Amino acid sequence: MEQGRSLILTVMPSFSAQRGYGEMVGTSGGRNTRWTASLMLYASVVLISGLGGLLQQATGAPPLVGGAGYAAYFDHQRADILAMRWVDPPRDGLTVEAWVRLVDWHITPALFSYAVYDSSTTPAYDQANELQLYFTPDQQQFFRATSRERCYSVENGQVLRPNCVIVKPREGWTHVATTWDRSTGDVAFYKNGELAFKSTEMVEEGDDRLTSPRAGGVLVVGQEMDGFLSDFDERQSLDAVLDEFRVWDRPLSAAEIQTNMHKVIHTATQHSNTSTDGLHLLWQFDSFEDAQSEEDMSGNGHNAMVGAMPSLKNELLYLTSRGIVKPTRPLRVASRAPVYGGTVVVFASADAPATLVLPAFDREGRPMTAEITRAPSAGSLSSPITDGGPPIATVDTGVPQASEGVFNLTYQLSSPCEGLDVVDSFEYSVVAGGELATATVLIHCLTVESPESQRLVDSSTGKPTTHEIEEDQSTVLILGGVGRDGEPVTVNITALPDRGQLYQVEFEDEEQFYNYADVVYPGREPITGDGAARRVTSDRGIVVYVPELDSAYETSFKYVHLLASGHVSPEAEYKIRVTPMNDAPQLESRTWTSDESSLYSVGEGGELEISLAATDIDSSFSSDMEFAVVGWPTLGKLYQEDGVTLIEERSYVPQISAWGAAIPAYSDQWGASFSSQYSHCSCCNIQKTCPHDCGCTNPSWHAEQALGEPNAYPVYGDNTAGWEPSSENSGTDEFLTVEYLDPVYVSKVSIYEVFNPGAVWRISSAATYMGNATEWSVLWEGEPDPLVPKDARIFSPPLCSDVSQKAKYIRVHLNASAVLGWHVIDAMSLQGSFEYPPGRVSSKAGKLVYKPEPGVHVTGQRRDRLLVTVSDCLATSEPSKVEVALTAPEVTGSMVDNDDKSTADGTASAFAPAQVVQVAMFDTADVSVSVDVSQARQHALAALAILEPGESIGATTVDILPLPDIFSSGPSG
């Protein structure tokens, strides 16, 4: 007898472009039969074979009638989550199984994550991966605390286990199951009921796979925790439609997995052939939008919170730039998972017929007949729309017999509806071998929602968040998702941005797993035109936005979702804010020398003043540029502007770190050393540093609490062991001055903020302290940031250091009204060097002096060179090359007396000290170096260094040859 017949309806969209839904392959009678749910304008019911082999045989049981009800769509663009305090996780083994339809495969999601924090032990037990199932399209991993089992399909370029591709792109619905046995430590992975991988290595004693998971932690579905109730990452969250999530308290066999995977488990009214021994948790996602919790249908009370966290703050703290957001509810959609025995869900509207899916399955392969046993009341059913058949108006008319044939069925809602409520229903029954089963079809009103409903919402405004990107940075935007019918939507751009451009996205190989960082779009034309030309080609509705260069602005574009049914969503606006990003200044091309070349020129025996200049398209808190030499010349030396202080050739000087040593004392002459402090002592006012000035015995929040190493950090709170201004939300400029033991050239300042951070807006330094008359140099200046997370932090902004003097005092300014609440600074550390920063040009005007080695000049194409960077104190440029041409001297007359350094005709000679020789480097005809003979060897060797990187000289010998005899006397050779 042919095994397993099913009544399945294939659903087709009204677009001309056909889209694949999914496929399942089974075996029947030695041949493969393939079910492909594809999309066209009509609906049909077909008999298929092949699923019976996956289900346990039964005798005299009724057929399975109905579908999978609803499913949950977890969208990683949002913060969708189910969460539960797990008081009794299985101790001796488990099976976790679910039906998954992957929507976005460019992330690395976790199917579930169970984390534990237990403070009853010493030290506290903190394990984010107590239990976790993590998968990508090329592998699957099961974590049991510090141990894990991995199943790779490809490793080091070699195909190892092809079956480990558990969830594959565009494969539609996939059943995944993972089992773990504590007695042996074995872990097994199943795909569609078939074993894909089972661990074979012996698990050694001490491995966590041989221990029981701890109770009392938090189980989440949809997100992945790297810390207890924290440290989320949207790139590891689930982006899939999920149904029939089940946990068993024992490892199931392959046969047991196959028995139940295709049928809805009804624990209240069990079929005689259904075993639920060991069923620990069952989430079927069959409650609709207003459900506050997901009921555990196993009857064990493991109800989950929907779109909420079991924490006081009810927040998700992401490690990424997303920051802190409120959790969101997964979208409930019609399930198309190949699961039988539940409700059939359809979304319909009055403006077009809806195609229906009426599934039924008989394990014994008996002929099946179906009929409508209760007609809909708010709409009508009709037989094939292809032949214009009459509507089915009464139960007596029924559905044509379909045991061996094909029939079509549509539903038409009689009048318009609003919202998403159930507006109609009907029932159908299927008889097989005299056994009858009935299922209900629920008709929901299809009100097509705006695409904005599938985006993260700003909790303060209730509107989708504006997408922020930094200037000059392209960004990936994900616009698609899944409609209420459970099908992926198509995205169409209806209005292009007025600034910047949108591009279609491309991946190197769409069938493989790639991060969004690996998108390929350069070289493609931007999205332009109208209508279909603006249709996004990516399945997930992915585009790339490329902003205008060197600009900060706000823009937006508009788009719609096209559902599989042909319905079009309302238009949605996607707002983009391009934030300014400080660009490094650029060294200006040389235009300030006396000749017309692009080089500096210096004659023999002279010196050259080099004036560096740079342009900066951005503004900075500092009006000065910082120049630094990072590559030194080989034929000369560099000096500071005074022509005396050598810029030494080195890249590092030792750094020292120090904590605050003292608070400068108040004096009648110089005034206060800090703006204010909170004090319990009446004598400790703004003029007193306390406790030393008035014998105060309660030093809480006094300025001296900021001295030395941190007392409170990293604990967050209004700690008395730090400095706190005297009043909350003060509108005055609060500041604190700290003295350090040794003056240094400052390279870094670290401020330990332990309560309401973000108020610091300026950091200054000084060599000496004279109260209000102190000459302060601004090291950093910026805006207070009220959006800084409420957590202890170390604030170390980039500095614009003053190299004209060493600093012994640091002053920090706070804008206490910009960040509301009290503010506590626990400590301040200073880092710097006793020696001058390497390569730094002291002149704020960028002036330095180049002096060639005595007697050296270079002709031809080679020049001496140095590398220079420029910084605006926030960003540093790439090294730029500055070249120096060493021009040859003019030699007139002949030498008559070396001692008196004069020529025969009485004019001064540039080469009076010695005879001039020429260094000829073989195979380098375009280079010659002239030196005086007394320094010939030194400069000949130096000349070798002027070659470009990677170049070499063919001959290694250097001949020192006399120039033509133009002198009447003097040494030869």
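**Figure 1. Residues in contact with L111.** Beyond its neighbours within four places in sequence, L111 is in contact with V100, L133, F135, V176, V221, G222, L238, L242 and F245; contact means heavy atoms within 4.5 Å. The structure is a predicted model, in which local features need a pLDDT of at least 70, side-chain atom pairs count only at pLDDT 80 or more, and totals for chains, interfaces and linings use all residues. Residues are numbered from 1 along each chain as its sequence is written, and side-chain values use heavy atoms, with hydrogens and water left out.

**Figure 2. The largest nonpolar core has 43 residues.** A nonpolar core is a set of buried Ala, Val, Leu, Ile, Met, Phe, Trp, Tyr and Cys residues joined through side-chain atoms within 4.5 Å. Buried means under 20% relative accessible area, exposed means over 50%, and partly exposed lies in between (1.4 Å probe, protein chains only). L111, L242, F245 and W283 touch the most other members of this core. Strand β8 (residues 93–102) contributes the largest share, 5 residues. Helices (H or I, at least four residues) and strands (E, at least two) are DSSP runs, numbered from the N terminus. A second, separate core of 29 residues includes A706, A807, L814 and V819. In soluble globular proteins, nonpolar side chains tend to be buried together.

**Figure 3. Strand β11 (residues 139–144) is mostly covered.** In β11, 6 of its 6 residues are buried. Q139, Q141 and F143 point one way from the strand, whereas Q140, F142 and R144 point the other way. In a regular strand the side chains alternate between the two faces of the sheet. Strand β11 runs antiparallel to β10, to which 5 bridges join it, and two strands pair if DSSP finds at least two bridges between them. L133 has F142 of β11 as its bridge partner. A further 6 bridges join β11 to strand β12 (residues 147–152), and these two strands also run antiparallel. Here F143 has R148 of β12 as its bridge partner. The hairpin of β11 and β12 has 2 residues between the strands, and A145 takes a positive phi near 60° in this hairpin.

**Figure 4. C417 and C445 form a disulfide.** A disulfide is a pair of cysteine sulfur atoms within 2.5 Å, and by this rule the count comes to 2 disulfides. The sulfur atoms of C417 and C445 are 2.1 Å apart, and the link is right-handed, with 95° about the S-S bond. C417 lies in the loop between β34 (410–413) and β35 (422–432), and C445 lies in strand β36 (residues 435–445), so the pair ties together parts that are 28 residues apart in sequence. C417 is partly exposed, with a relative accessible area of 24%, whereas C445 is buried, with a value of 0%.

**Figure 5. A disulfide joins C800 to C873.** The S to S distance is 1.6 Å. This pair links distant parts of the chain, 73 residues apart: C800 is in the loop between β54 (793–795) and β55 (807–815), and C873 is in the loop between β59 (864–871) and β60 (880–887). C800 is buried, with a relative accessible area of 9%, and C873 is buried as well, at 3%.

Figure 6. F285 is in the loop between β22 (279–283) and β23 (293–294) and is buried, with a relative accessible area of 0%.

**Figure 7. Stretches where the pLDDT is below 50.** pLDDT is the predictor's confidence in each residue, from 0 to 100. The protein chain averages 77, and 73% of the residues score at least 70. Over residues 269–273 the pLDDT stays under 50, and the model has 8 contacts beyond four places in sequence for this stretch. Over residues 891–934 the pLDDT is also below 50, and that stretch has 106 contacts beyond near neighbours in sequence.
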